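Please look at the structure shown here and work through the questions that follow, one step at a time.

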Amino acid sequence: MIGTGVFTSVGFQLAVVHNTWTIIILWMLGGLLSLFGAFAYAELGTHFSESGGDYIYLSRLFHPVLGYLSAWAGLTVGFSAPVALAAMAFTKYLSPFGLQNNVWLAVAIIIVIGLMHSFTIRHSSRFQNSSTVIKVLFIVCLIVIGFVLPGNNSNAINFNNSWGHEIITPGFAVSMVYVSFAYTGWNASAYVAEEIDKREKNLPRSLIISTLFVALAYILFQYVLLKNATAQELRGKEDVTFISFNNLLGITGGKWVSIFIAIQLVATISSYLWVGPRVTWAMAMEHKLWKPLSKQNEHGIPVAAVWLHVFISILLALSGSFEKVLLYAGFVLQLMASLTVATSLAIKKTKPGAFKSPFKPVLQIIFLAFNAWVLIFTFIERPAESLIGIGILVLGLIIYFFDRPVIAKKQGIDTRNDCF
């Protein structure tokens with residue numbers, strides 16, 4: 001979950017909101033909503049035995065067309081856009097070494113990570129686990145350094161009363177898209193449910209504990225960034241972490257921070273190229289048009305799906321500005337996550353041993369209502385990016401009507417007996 005957004009978003013947020021309380025509230029709300037979503041995904045992930053996440057839940061509980069759209073969204077932006085953005089940010093954070101905006105370096109890192117995930121699950125999981133440990137330790141170290149060392153006397157900290165006005169502005173809603181994108185990945189465990197040992201116990205634990213930890217880390221980290229740079233230095237910038245820690249640690253220290261951010265962005269690319277192809281593979285198993293993507297190697301790796309994700313990620317890295325890609329991808333992801341959380345409301349009877357979401361349906365309704373508010377204001381304030389996101393979904397809908405299902409899964413019939 002710890003990826004591109006947390007290291008890059010606050011500069012875009014400062015373009016529309018200015019109060020530190022507002023920034024903290026944004027990240028607290030993002031964490032709280034992610035936790036509500038994690039409860040729903042834990043229930044869904046232990047109710048179904050298949051990997052595939054949103055595709056499985058929406059197809060089985062609502063309608064195959066919604067599952068199809070979720071997988072299409074994941075293929076085109078949901079998993080591919082974070083890979084592209086992480087690769088673009090990777091080169092941005094190597095700017096102290098003269099590699100800023102080197103698009104071919106971004107392409108190369110996507111290809112290398114694609115290769116890492118093309119052989120065995122053990123090979124992939126070892127790389128993913130080690131890189132995840134590095135990025136968790138790294139952000140914890142940055143938070144500690146940021147609080148222990150004296151900050152910049154001239155900084156972006158602003159605790160006046162303007163937050164009460166800012167949280168009801170359209171800019172606050174648009175800023176939530178950046179936050180939601182940064183939290184993308186809180187539901188990742190549900191996409192690989194079949195590969196989790198003792199799923200009924202470990203899946204909810206991984207979703208809930210990781211979301212709580214990341215929310216706390218994100219809130220503290222944003223404060224550290226604001227504490228060590230001025231609003232003018234950060235506003236509209238992607239490499240806000242380098243700017244802040246360059247002020248705090250000097251040029252040499254800032255370079256080391258940039259190197260480690262680049263390393264952890266590699267871990268972000270890895271996680272999406274691991275999970276995303278599993279969703280595409282689940283769709284490919286059930287639809288004629290995508291059948292070639294269901295091909296697996298002898299170790300069960302969906303190699304064809306991996307390389308399609310690699311290809312689309314490269315196209316996105318070559319085609320758009322960082323902020324524009326982030327916004328339309330975030331819009332689509334927020335919409336599809338809302339639909340998936342809504343599916344948990346359709347589970348009538350919880351299977352023995354499955355997780356049951358607390359305070360159901362109150363938390364799910366709060367999640368859906370807030371997301372609807374964010375999506376409406378994002379459309380009003382940033383119509384071009386929103387329309388790109390909607391256009392991607394419309395294209396997927398058109399393709400669906402030219403596609404044919406391979407076979408009606410028995411499980412899809414059986415599970416409907418547990419639903420409204």
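**Questions on a predicted model**

Phe 359 is placed in the loop that runs between H16 and H17.

Q: Is Phe 359 buried or exposed?
A: The relative accessibility of Phe 359 is 66%. A residue counts as exposed when this value is over 50%, and therefore Phe 359 belongs to the class called exposed.

Q: What is the value of phi at Phe 359?
A: Most residues other than glycine have a negative phi. Phe 359 is a residue other than glycine, yet its phi is positive, with a value near 55 degrees.

Q: Which peptide bond is cis, with omega near 5 degrees?
A: Most peptide bonds are trans. With its omega near 5 degrees, the cis bond is the one from Lys 360 to Pro 361.

Q: Is H3 parallel, perpendicular or oblique to H16?
A: Two packed helices are described by the angle between their axes and the distance between the axes. Here the axes of helix H3 (residues 20-47) and helix H16 (residues 322-343) come within 9 Å and cross at roughly 55 degrees. This angle makes the arrangement of H3 relative to H16 oblique.

Q: How many residues of the contact of H3 with H16 are nonpolar, polar and charged?
A: The crossing of H3 and H16 is left-handed. On the side of H3, the contact is made by Gly 37, Ala 40, Tyr 41 and Leu 44, and on the side of H16 by Ala 337, Thr 340, Val 341 and Thr 343. Sorted by kind, the residues of this contact are five nonpolar, three polar and no charged.

Q: Which residues is Glu 385 in contact with, leaving aside its neighbours within four places in sequence?
A: Glu 385 is found in helix H18 (residues 383-402), and at 8% relative accessibility Glu 385 counts as buried. Once its neighbours within four places in sequence are left aside, the residues in contact with Glu 385 are Lys 324, Leu 327 and Tyr 328.

Methods
Residues are numbered from 1 along each chain as its sequence is written. This is a predicted model: local features need pLDDT of at least 70, side-chain atom pairs count only at pLDDT 80 or more; totals for chains, interfaces and linings use all residues. Side-chain values use heavy atoms; hydrogens and water are left out. Axes are lines fitted to C-alpha atoms, for helices over the stretch in contact, and angles run from 0 to 180 degrees between N-to-C directions. Helices (H or I, at least four residues) and strands (E, at least two) are DSSP runs, numbered from the N terminus. Angles under 35 degrees count as roughly parallel, over 145 as roughly antiparallel, 65 to 115 as roughly perpendicular and the rest as oblique. A crossing is left-handed if the near helix is turned anticlockwise from the far one by less than a right angle, and right-handed if clockwise. Contact means heavy atoms within 4.5 Å. Ala, Val, Leu, Ile, Met, Phe, Trp, Tyr, Cys and Pro count as nonpolar, Asp, Glu, Lys and Arg as charged, and the others, Gly among them, as polar. Buried means under 20% relative accessible area, exposed over 50%, partly exposed in between (1.4 Å probe, protein chains only).
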